[in-house]
Amino acid sequence: MQDPVDRSRRRFIFQTGVGLLAAASMPAWVRAMEMHGMPKLTPNRASPAFKPDVEIELAARQGSISILPGQATRVQHYTAKLLSGPKDTLTELPSCYLGPIIRLQKGQKVRIHFRNDLMEPTITHWHGLHVPALMDGHPMYIIDPGETFVYEFEVINRASLNIYHPHPHEITARQVYYGLAGGLIINDEEEARLELPSGEYEIPIVLQDRRFNAQNQLIYGPHMHDRMMGFYGDRILVNGQPNAEFEVASRAYRFRFLNGSNARIYKLGWSDGTPVTVIGVDGGLLESPETFPYVMLAPGERLDVWADFSGRPKGTELTMRSLPFSGVLPMMAEHMGGRGGRGGMGGMMGGMGMMGAMALPVGSDYPLFKIRVTRETGESPKLPSRLSKIDRYTLDDVANPSKPVPIAISESPMAMLLNGRSYAFDDIQPFERIPLDTVQLMEIFHTSGGGHGMGHGMRGRMMGMMGGHGSDAQPEGQGMGGMGMRGGMGMMFSMAHPIHLHGDQFQIISRTVAVERADSYATVKDGLVSSGWKDTVLVMPGETVRMIKPFHHFKGVFMYHCHNLEHEDMGMMRDFLIE
């Protein structure tokens with residue numbers, strides 16, 4: 001940690017860097033943001049001792065692309081150039097602002113020269129990859145315009161779909177919203193032996209929602225209610241394009257779903273009621289295929305779906321929809337039908353007018369994309385009955401069976417918190433220090449709104465572990481974003497959060513929910529995929545999720561945070577120190 005942050009310079013960058021992206025529409029809290037307390041480190045350089053199998057130049061820059069008919073839309077986007085390595089390492093998505101798909105092989109050594117050609121700081125995180133702390137894209141490694149950060153790592157993940165996206169503190173949501181995101185696919189020998197659909201039969205599906213003005217420019221100017229709920233669009237884009245349609249043959253396909261939205265949660269289901277067959281999640285293939293009536297997909301999550309159109313005649317049309325569900329927004333918003341109002345609780349939130357403007361209310365029924373069978377064929381691969389081998393952890397493997405590492409979610413009108421604290425650099429608490437090469441039992445839970453395992457014992461344990469927050473200690477009911485408001489205001493503000501953990505992925509061992517949340521939970525529970533390796537998990541109001549996570553290979557600081565990106569930018573983010 002070398003030079004302190006030059007805040008005047010950062011303020012200038014933020015205020016002038018909006019540039020082409022409609023600065024006038026940005027609220028004051030965006031224009032005035034600074035990297036509070038974050039160090040300014042020298043960007044990492046290439047190591048002469050590192051011999052890459054793949055070398056890539058990656059840049060984040062401003063540009064424009066045609067998304068809607070008429071005027072082009074100004075965006076931020078990733079561009080890439082392959083310097084060395086297999087020719088299929090980079091695949092561009094046609095007519096799309098999203099970054100190219102980066103395809104790597106397990107065991108490859110990779111060097112990526114990442115250049116910041118924006119007019120504001122940024123850094124790139126490899127969401128899902130298990131890499132050294134220096135290479136993980138922590139906000140402390142942000143680089144200024146014109147600077148280059150060199151990533152060097154060996155691919156140790158199993159076959160999976162991952163994400164690369166920005167991770168600068170307080171502006172991640174805006175940079176992702178304006179287009180900075182891409183997919184990263186890892187292949188390995190275990191997966192190759194299955195001969196799953198590939199090439200034209202393996203289709204990436206990146207789901208995002210956006211708002212446009214009359215000039216086809218993206219609208220992003222979150223007010224307080226947008227920050228508390230998350231920023232929602234009124235138009236669905238699939239792979240960066242509206243009104244998506246895919247022409248298919250009457251055979252099996254592999255759909256690689258990625259939720260690239262800032263906040264929107266999807267309930268994926270076929271229009272004719274065909275079950276959804278899942279073969280993989282965030283961390284790769286399941287042990288065996290699993291069939292669901294629908295599947296939930298929260299921001300940052302991925303799903304690998306076997307979609308078999310065999311036997312469907314030419315001309316058949318099928319739509320993937322987001323089906324109705326409830327319970328992911330605060331009760332006050334759901335009671336108002338997602339349409340808000342200026343009085344009562346809506347007024348306390350600064351008005352829920354945002355919800356009223358939404359053509360696609362959260363949890364409503366709307367189409368995502370259409371499938372059209374344009375070619376009949378009798379040739380199709382068969383769905384394997386066995387996909388992969390997963391070494392399952394049990395409580396006998398963990399170092400802390402009676403004292404899980406807590407991730408406590410708390411909400412209030414002005415704060416979204418984890419473990420009772422907003423993000424601050426170098427603020428690691430004792431329970432956030434994890435010994436290297438241990439396997440830890442972890443528990444994510446809400447501190448308001450009731451729920452299994454969330455009574456006074458759990459709350460007391462949390463207060464004890466955090467030592468009453470030190471100098472920030474507050475009476476019960478004031479700290480922890482309203483810990484003492486069970487069944488009252490705390491419950492009213494409780495909402496769903498996709499929690500993402502950097503570093504090693506984890507295995508979910510149980511999910512339980514409070515009795516008072518059972519009705520809304522019933523609208524999503526049959527689509528929660530809890531098998532396999534995960535790095536992001538949707539935690540519903542009143543729900544407790546217990547999981548086992550290894551902390552192997554790398555020491556250093558790794559983040560955990562809400563992947564509702566507005567919440568992340570508000571400070572719903574913490575660090576683990578692996579030592």
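The dialogue below concerns aromatic pairs, charges over rings and salt bridges in this predicted model.

Student: How many aromatic pairs does the structure hold?

Tutor: The structure holds 26 aromatic pairs.

Student: Why is the pair of Tyr253 and Phe255 called tilted?

Tutor: The ring centres of Tyr253 and Phe255 are 6.4 Å apart, and rings pair if their centres lie within 6.5 Å. Their planes stand at 55°; stacked requires under 30 degrees and edge-to-face over 60, so the pair is tilted. Both Tyr253 and Phe255 are buried.

Student: What makes the pair of Trp270 and Phe369 edge-to-face?

Tutor: The centres of these two rings are 6.4 Å apart and the planes of Trp270 and Phe369 meet at 85°. The cut-off for this class is over 60 degrees, so the pair of Trp270 and Phe369 is edge-to-face.

Student: Which parts does the pair of Trp270 and Phe369 tie together?

Tutor: Trp270 belongs to strand S15 (residues 266–270) and Phe369 to strand S21 (residues 366–375), so the pair ties together parts that are 99 residues apart in sequence.

Student: How do you know whether Trp270 is buried or exposed?

Tutor: Buried means under 20% relative accessible area. Trp270 has 8% relative accessibility, so Trp270 counts as buried. Phe369, at 2%, is therefore buried as well.

Student: Where does the charged end of Lys549 sit?

Tutor: The charged end of Lys549 sits over the ring of Phe551, 5.0 Å from the ring centre. The distance criterion is within 6 Å of the ring centre.

Student: Why is the contact of Arg115 with Asp117 called a salt bridge?

Tutor: The closest N and O atoms of Arg115 and Asp117 are 2.7 Å apart, and the limit is within 4 Å. By this rule the count comes to 34 salt bridges. Arg115 is partly exposed, with a relative accessible area of 37%, and Asp117 is partly exposed at 26%.

Note on methods:
Residues numbered from 1 in each chain as written. Predicted model: local features only at pLDDT ≥ 70, side-chain atom pairs only at ≥ 80, totals over all residues. Heavy atoms only, no water. Phe/Tyr/Trp six-rings, centres within 6.5 Å; stacked < 30°, edge-to-face > 60°. Buried < 20%, exposed > 50% of the residue type's maximum accessible area, 1.4 Å probe, protein only. Helix = DSSP H or I, 4+ residues; strand = E, 2+ residues; numbered from the N terminus. Lys NZ or Arg CZ within 6 Å of the ring centre and 35° of its normal. Salt bridge = Lys/Arg side-chain N within 4 Å of Asp/Glu carboxyl O.
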